[in-house]
Every structure is written in C-alpha cells, then in structure tokens.
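Here is a friendly walk through one protein chain, from its overall build down to single side chains. Keep the structure open beside the text as you read.

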Amino acid sequence: MARWQPTTNAKLGVVVYDYPAPSGDDRYLTLKFGEVVRIVEENSGWYRGFRTVDPTKRGVFPASFIHLKECIVRSTEIGETVESAEDPVAQEVAFVLREWNTILKQLYKDNRSESQQKKLGSIMTQLIGWRTQIMSGTIPAGELQKVKKKVTTKIDWGKIGRAV
C-alpha cells in the first residue's frame with residue numbers, strides 16, 4: 001500500500017459532488033457541493049485535508065470529487081498559507097451564484113411567482129457570462145474593468161432585495 005505524501009501542486013479545491021463519509025468512520029470527511037477544501041496529503045486517488053470553513057475537522061475524501069484551483073502558497077515560520085489565485089470578483093460571483101441558486105430552488109419549491117424565478121435566473125445567467133469573460137483572461141484591461149463594474153453593480157442590486 002502506498003504511503004500518504006504531502007501534496008506538491010494540489011493544495012486547494014472545490015467539491016464538485018457531495019461525498020457522504022461512511023457512517024461511524026471519523027477518518028473520512030463529509031463534503032457538500034461547492035465547499036472549498038484545503039488539501040494536505042495525497043495517496044492513490046484520495047486526499048487528506050479539511051474544509052476551509054472548519055479547519056479543525058480533518059479527514060480523507062476522494063480526489064475525483066474535487067476540482068483543483070490555482071492557488072498561491074506562501075511559506076511561513078509555522079507552515080504555509082494557501083489562497084486562491086482566482087480574481088476576487090470572479091470568486092465573489094461564484095459565491096453569489098451558489099447563494100442565489102439556493103434562493104432560486106426555494107422559490108421553485110415554494111411555488112412562488114414564475115416571473116421572480118425567471119428574473120433571478122436571467123440575472124444569474126448574466127453573471128455566469130461575465131464571470132466567464134473575467135476568467136478567460138483574453139479581454140483587454142479596459143474592457144475587463146467595465147465587466148467587473150457591471151458585475152459588482154448587478155450583485156449589489158440583487159443583494160439589496162430587488163432581484164431576490
């Protein structure tokens with residue numbers, strides 16, 4: 001059996017499938033779609049690490065359930081710090097989309113106004129398109145600033161209750 005090895009490149013990831021840890025086995029870590037995980041070690045298709053929202057609970061989870069993210073690793077006297085290399089506006093869009101998706105599901109479940117659902121869905125689609133442009137790295141700096149302004153304006157507009 002192979003040994004656990006400290007990760008070299010795989011340091012940060014996003015959960016792409018729910019992973020329920022086996023019942024009664026605290027060596028494994030239960031993961032939910034969209035959570036961010038910090039990866040510490042790897043071994044034959046498995047990672048050992050923790051959810052960034054609760055670094056005290058560590059465990060093992062399948063590598064195939066994780067989408068690796070580019071990150072910046074800084075070594076310090078007490079270890080290393082890892083942060084996403086993703087554009088902060090793109091990160092905010094991803095967070096907002098997850099939050100608004102939950103709201104959209106609740107609107108549907110509560111059998112709320114179809115026009116509210118369509119409006120929120122349309123705004124989310126716009127945000128996805130803008131996030132794609134930001135992440136592509138192919139648009140000129142001036143255009144990028146315009147897209148980021150549109151994104152922040154739309155998010156602010158939605159957060160004060162007009163869209164949701």
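**The ground rules**

This is a predicted model, in which local features need pLDDT of at least 70 and side-chain atom pairs count only at pLDDT 80 or more, while totals for chains, interfaces and linings use all residues. Residues are numbered from 1 along each chain as its sequence is written, and side-chain values use heavy atoms, with hydrogens and water left out.

**The chain as a whole**

The chain has three helices and eight strands. Read from the N terminus, the order is β-β-β-β-β-β-β-β-α-α-α. The C-alpha trace spans about 55 × 40 × 25 Å along its principal axes.

Of the 164 residues, 33% are buried. Here buried means under 20% relative accessible area, exposed means over 50%, and partly exposed lies in between, using a 1.4 Å probe and protein chains only. The chain exposes about 10600 Å², and carbon and sulfur atoms supply 53% of that area. Accessible areas come from the Shrake-Rupley method with a 1.4 Å probe, and for residues only the protein chains shown count as cover. Among the contacts with a separation of 6 or more, 52% are between residues 24 or more positions apart; a contact means heavy atoms within 4.5 Å.

**Two nonpolar cores**

In soluble globular proteins, nonpolar side chains tend to be buried together. A nonpolar core is here a set of buried Ala, Val, Leu, Ile, Met, Phe, Trp, Tyr and Cys residues joined through side-chain atoms within 4.5 Å.

The largest core has 17 residues, and Val 93, Trp 100, Leu 127, Ile 134, Val 151 and Ile 155 touch the most other members. Helices α1 (88–109), α2 (114–136) and α3 (141–159) are the elements that give two or more residues to this core. The largest share, seven residues, comes from α1. Apart from this core lies another, of eleven residues, including Tyr 19, Leu 29, Val 37 and Phe 61.

What does Ile 134 touch, not counting residues up to four places away in sequence? Its partners are Asp 87, Val 89, Ala 90, Leu 144, Val 147, Lys 148 and Val 151.

Over in strand β3 lies Val 36, which is partly exposed at 29% relative accessibility. Leaving aside neighbours within four places in sequence, Val 36 is in contact with Leu 12, Gly 13, Val 14, Phe 50, Arg 51 and Thr 52.

**Aromatic rings**

Rings of Phe, Tyr and Trp (its six-membered ring) pair if their centres lie within 6.5 Å; planes under 30 degrees apart count as stacked, over 60 as edge-to-face and the rest as tilted. The count comes to five aromatic pairs.

Tyr 28 and Trp 46 form an edge-to-face pair, 5.9 Å centre to centre with 70° between the planes. Tyr 28 lies in the loop between β2 and β3 and Trp 46 in strand β4 (residues 46–51), so this pair ties together parts that are 18 residues apart in sequence. Tyr 28 is partly exposed at 21%, and Trp 46 is partly exposed at 31%.

The rings of Tyr 47 and Phe 61 are also edge-to-face, because their centres are 6.2 Å apart and their planes are at 65°. Tyr 47 is buried at 9%, and Phe 61 is buried at 0%.

Tyr 17, Tyr 19, Tyr 28, Trp 46 and Phe 65 form one aromatic cluster. Tyr 17 is exposed, at 51%.

**Salt bridges**

A salt bridge is a side-chain nitrogen of Lys or Arg within 4 Å of a carboxyl oxygen of Asp or Glu. The structure holds four, including these:

| Arg 27 | Asp 25 | 2.7 Å |

Arg 48 is partly exposed, at 30%.

Conventions:
Helices (H or I, at least four residues) and strands (E, at least two) are DSSP runs, numbered from the N terminus.
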